[in-house]
Amino acid sequence: MNKLSENLLDKFSMDFLRNQVLKNAYGNDDTVIAGLDPRVLIAWYLFFGVVPWFVQDLPFLLGCFLLVMVTTLLARVAGLVLFLFAVGVFSQTGYLFLATLLFGGDASAVAPLLVLTLKVATISLASVTVFSGLDPDRLSNGLMWYGCPERLSFSISYAYRMLPMLMEEFQNVLLSYRLRGNPPAHDTLLGKVRYLIYQVRIVVESFYPLMLNTAKRSRTTVEALELRGYRYAAADKAVKKIRLSALKVTWNDLLFLALSALWTALAALCAALL
Amino acid sequence: MNAVEIDSLTYTYPGASQPTLNGISLRIEQGDFLAVVGNNGCGKSTLCKVLNGLIPHFITGQFEGAVRVEGQDTLESDVGALARKVGYVYQDFENQIVRPTVLDDASYACLNYALPDYRERGREALRQCGLEGREEEYVWQLSGGQTHLLALAGAVSLRPDVLILDEPIAQLDPMHADRIYEVLRALNEEQGKTIIVIEHHTEYIADYCKHVLLMKDGQVQWLLPTREALQRVEELEACNIFPPQVTQAAHRLRAMGVLPAGAPLPTTVEEGKRAFAALKLHPQGAAPAAERAGETAVSLKQVSLSYRSVKGEPRTIFDGLDLDIRRGERVALIGSNGAGKSTLMKLMVGLLKPKSGTVSLFGANIGEKRAEDLSRQISLVYQNPEEMFIKDSVRADIAYAMQVRGVPDWETRTDALLERFRLTGLQDRDGRLLSGGQMRRGSLAIGVALEPGILLLDEPTANLDIATRREILGVLEDMQDLIQTAVIATHDMQLVCQWAQRIIVLCGGKVVADGSRDEIFARPELAGQVGIRPPEIFTMARALNPDARCYTIDAFTRCFGEA
Amino acid sequence: MRTIQKTSATQSQKLMIFVLSMSLYGLATLFTELIPKFQVGLVEFSVEFFLFIPLTLAMLFDPLSAALGAATGELVFSEIMLGQFGGLGELEKFLTVTIGVYLAGRLVKDPRNRTMVGLAAITGTAAQLFMGMVVDVVKVQLAVEDFEAVEGLPESVFATEGFAFLNDLLFSGILFCLLPTLYLVPRLYGKIEPLLGMAPRTAESPVAGLSPKILAGCAVAFLCAVAAELAATAGMSLIDWEAEWAESGTALAIGMVCAAALAVAALLVIRKNSERNVAC
């Protein structure tokens, strides 16, 4: 039993996390979804991320849900993201359900909750498809085309660049604590509580070295960005044009949109007939 | 024409009381390959940041005098315009890379300056820097040396006339270091670029640079052709710069009267062959072979380990590795970047768990021990000392492990350690704000605080200048009574030769050689295979006489010094 | 001989703070994303476990850059990287975090004054939590169409929201925002600034202090957050899908299906042709 829990913890390590995030970003760049034009996908997302909120029709919602489920599968999203999605959706409705019962609601409260679940799930999966399925650079180019501030799209690609390094640094600082620290024994319940408090304290304290080390890094980064013309690019319309000229809507994109439209229309038809 | 002209430049950082650069006047010719040398903190990096306009446009402060790069006054220009004239590669180059894929990063600057052919320029720069065929790779797939080449390519892509590199080979093994310098030489000779390097590996200066600029206390001492510059042994040593070992040896032999008084000193092995041609080898008694007694301290049996990769199959680091380290040994672990040295150390302290096989410590499997208990038996000092500092003062860091374990009289022991590592005066400063050498001493003190039986050091001399490296070597010698068994992973062959009793050569996750220094360095085929290189003085002695085994300058002068 | 001297916080220094705040807070929120959330429907026990990071940075440096950096970091690292992007909901989070952190940073005149730091930390946290609560309540009312009709639902929402706010403020606010900030600010003061090439903040620094203008600016930003949600909801419900279908829904839906099917077929043919052209 002890062995098992240790194994689980081992699996859920920083290393694993880093790997999953990178895998999610770059490991699936050869899928159908990743090959689509980011602008088309974002437009697609705007539909499936917003419309389900305002529709109460069960068949229609079910249709949308099935569609985004298929696209998520096509995007070959990393396991961790799907897991988070599942936990998120479950905890949202599960808790709401209990709270409603507790405050004197009855079966009539359950139906709207089910609809709500379907809405939440559809919207999350649509965002998972777009934001996990696209590689971050294409995503940020797409966002830029829609007029998002340049700093956001820079932040996205920079974040992916920095994440592996930051995590390694954080991991090393935590390992320093693990090697040199002396956590309380956690056999009894009281010990477990103390152990938890100890862990939390360590994580908080480890941000002291992490902040200083990251500060050192970001100074070089920002100086290098200056040398490499980042600030000039932000002010120069020509750069945006050059960057966006790489985007191209292909027949595949249109086909994807048309298929989605067909499926949605079918769902609407069902909704109308039933 | 001059690439750089500086007239009476004085610069003070904001908030500093003393100027960092003080009355500098300087001319650097176009097409020069210049090495800037000097003590730590003599203003080398500051001078380079003046050239690309970061000072005073980006880093404020008090700036007097005039700096012209390619005829352009830096005060009247902006960083963007200057960046196309001057390329800069930082010492911590990995922070300079901001894009996830190789080609993207190489062409990033060109894109930002709205050059329509940015992709072609990026490709061309990658070709020039020897990264052809890696355009689509992600930056974290590159090795340290390749990352450095990528940072260089990012600078080259703007086609600047001047390239500045701050300590380009500090973290690289000799093979990667050679590649960087070969690329620089090609850029210099074929493209006519002016190249400025801050460098303290004088062997590389002798081989590649045309001129040397010595700086001291924010002032220029002199700028001389390389051969002439390296002759000035005393002046250089006064600034903690150590000329190539061949030059140092010749200097000593000249002082001993073995070489004629006026003779020019050789700076490379080739020159040494001529200069030392008349000398005869007087074999010294071989050093007594170290006895390999003692129980097994660390034992790896059939250890396999692989890292998860972003795409495809996991990357295998070790496959069935067997290794024993006995109590009392001083082991050097060598091999090229990425051979698995750091991974092996992490396995030994239990930070990584093997996929299969066992790692045991004094006969007990470490998988069954708690990490916190292990630390009394084995301790690891990271390559990057900053990550060892987790508290807000050196004192607190050294005391931490003893304090939380309730070691009796931990306070007096902390005092003793501070004294021993000469940190008493610095004990309240934050570790990461100290100088390179002080930081290393601090991390070593932290590593030995619990008096572990086994001490593992990952690259203890990386990023240090030669003088500080000597100092750390002294500290290591001094620690012998504290630590029974020590393992060092390093590229620093002088350290290996002077300190280690046993050398283990790793290549591709396998032990390809294991033995004393004589056994290892007598096999030249190993050098080609794994990218290690014996110290220059060893090569020099072997070039004179294949039977020579001289690992230090002392040994060399002893062997060849008698008339 | 020419002399130039600049001392003001430059654009680049602001970028440095932005990058620092973004990477650190982003990394931290990536972990919080993995901690299962205690959620009661749309009512979230929204503990920002790591809010102390931007709070600390906002007190030591330029508050606005730190605040915007933190909000962007959360958006990019935890929402976009993990595919948890919630559309409009993220705008609200973005703005409330920015306002809370910014207010706290402006409140501190001298980072060496511990009382001031503590007060600012808890005020900033409270502001962020309160705004989050208001938006949450509004959101639930709109999302569940017959909100008032479902028996027990309004009460449950108000009760859980109020409880969540108090719990967050008194428990996690003190534990995760106040105490860590008090621990970190004095320790980092004077150490982290030189690393970024800046002078430490003193009482004379122009970045501190609250003026009516700033408060008004924050209020406007908050109204934007609420308004964005309301406007989107109201605007969309005008389209009123159901009503339309009720009248001639079937015919319209059949039309849509036919049109879409035709489009799919046409596109398939065109793609085939273009592929052949490329091949030739």
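**Close-up 1. Residues 39–43 of chain C in the predicted model.** Over residues 39–43 of chain C, pLDDT stays under 50. The model has 24 contacts for these residues beyond four places in sequence. Residues 235–248 of chain C also have a pLDDT below 50. Beyond near neighbours in sequence, residues 235–248 of chain C have 11 contacts in the model. Where pLDDT is low, the predicted coordinates should not be read in detail.

**Close-up 2. Strand 1 and helix 2 of chain C.** Among the elements of chain C, strand 1 (residues 3–4) has the lowest mean pLDDT, 44. Helix 2 (residues 52–60) of chain C has the highest, 91. Chain C as a whole averages a pLDDT of 74. Of its residues, 69% score at least 70.

**Close-up 3. Helix 14 and strand 8 of chain B.** Confidence in chain B is lowest in helix 14 (residues 371–374), with a mean of 73. Confidence is highest in strand 8 (residues 194–198) of chain B, at 94. The mean pLDDT of chain B is 85. In this chain, 97% of residues reach 70 or more.

**Close-up 4. Helix 8 and helix 9 of chain A.** The axes of helix 8 (residues 136–145) and helix 9 (residues 150–180) of chain A come within 9 Å. They cross at roughly 175°. Angles over 145 degrees count as roughly antiparallel, so these two helices of chain A are roughly antiparallel to each other. Helix 8 of chain A contributes residues including Leu139(A), Leu143(A) and Met144(A) to the contact. Helix 9 of chain A contributes residues including Leu152(A), Ile156(A) and Tyr160(A). The residues of this contact divide into seven nonpolar, three polar and two charged.

Conventions:
Residues numbered from 1 in each chain as written. Chains lettered and ligands numbered in written order. Predicted model: local features only at pLDDT ≥ 70, side-chain atom pairs only at ≥ 80, totals over all residues. Axes fitted to C-alpha atoms, helices over the stretch in contact; angles between N-to-C directions. Helix = DSSP H or I, 4+ residues; strand = E, 2+ residues; numbered from the N terminus. Parallel < 35°, antiparallel > 145°, perpendicular 65-115°, else oblique. Contact = placed C-beta atoms within 7 Å. Nonpolar A, V, L, I, M, F, W, Y, C, P; charged D, E, K, R; others polar. pLDDT = per-residue confidence, 0-100.
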